Amino acid sequence: MANSVTGTITAIGVTQELTSKLGNAFKLRDIILAVRRFDPNTGEPITDNENTPQLTFSGDRCAELDKFQPGQVVTIYFDLQGRKYTDAAGITKIINDIKPYKIELYALRNYAQPQQVQTTPAQPQSATVPNNPGFASPAPQQSAPVQQPQYPQSGQGGYRPPF
C-alpha cells in the first residue's frame, strides 16, 4: 500500500542546485500543503490550520512541480524511511525521511447517485448504441421490478469528499 497525503498547495519553492560533501551535484525543491484531517470516530473534518507539511522532491522529480500552482488540490505519494545514528554522546537516535516520488491532481471519486425503487413493471425496451452502426440492438426482454437499496442523500451523513 502506497503512502500518500492529499492537500491544497500553499507554496512551491524554487529548485535548489546543491553539491554534496563528496562533490556530487543534486537538486531539491520544496512544496508545502495545507492538509485537512478528519476525526477518526465521526469522519467529520477537523479545522487544523497548523497541519502544513513540507515535502522535498529531489533530482528529476523537481521538474514535475512546474505543472502545479498554489491553490490546487493534489495527492502526493511518498516513501517513509528511517535510519539509526549515534550522536556524539553515544545515544542512538532515528532520523525519519519522507521521500515523495509522485504528485497528481486530486480527483474526486464518482459515486453513483442512488436510484429510486421501481413500483411498476418495466416495459420492454431495446437499447441502441448511437452513431455506432457496427453494434446491433439486443432483443427486448421482459423484466420484473427491481428494488435498489436506499442510500443516504448528500448532507444526511455518509461519505463526503474531503475537499
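A salt bridge is a side-chain nitrogen of Lys or Arg within 4 Å of a carboxyl oxygen of Asp or Glu. The model is predicted, so local features need pLDDT of at least 70 and side-chain atom pairs count only at pLDDT 80 or more, while totals for chains, interfaces and linings use all residues. Residues are numbered from 1 along each chain as its sequence is written, and side-chain values use heavy atoms, with hydrogens and water left out.

**Salt bridges**

- The whole structure contains 4 salt bridges.
- One of them joins the side chains of Arg-83 and Asp-97 at 2.4 Å, N to O.
- Arg-83 lies in strand β7 and Asp-97 in strand β8 (residues 92–105), 14 residues apart, which links distant parts of the chain; strands are DSSP runs of E, at least two residues, numbered from the N terminus.
- Arg-83 has a relative accessible area of 44% and is partly exposed (buried is under 20%, exposed over 50%, partly exposed in between; 1.4 Å probe, protein chains only).
- Asp-97 is partly exposed at 22%.
- Asp-87 pairs with Lys-93, with the closest N and O atoms 3.6 Å apart.
- Lys-102 and Glu-104 form a salt bridge at 3.6 Å, N to O.

**Nonpolar core**

- A nonpolar core is a set of buried Ala, Val, Leu, Ile, Met, Phe, Trp, Tyr and Cys residues joined through side-chain atoms within 4.5 Å.
- The largest core has 13 residues, and Val-5, Ile-31, Leu-33, Val-74, Ile-76 and Ile-103 touch the most other members.
- At least two residues of this core come from each of β1 (3–12), β3 (25–34), β6 (54–58) and β7 (73–86).
- The largest contribution, 3 residues, is from β7.
- Beyond four places in sequence, Ile-103 touches residues including Phe-57, Leu-65 and Phe-68, where contact means heavy atoms within 4.5 Å.

How values were computed. Helices (H or I, at least four residues) and strands (E, at least two) are DSSP runs, numbered from the N terminus.
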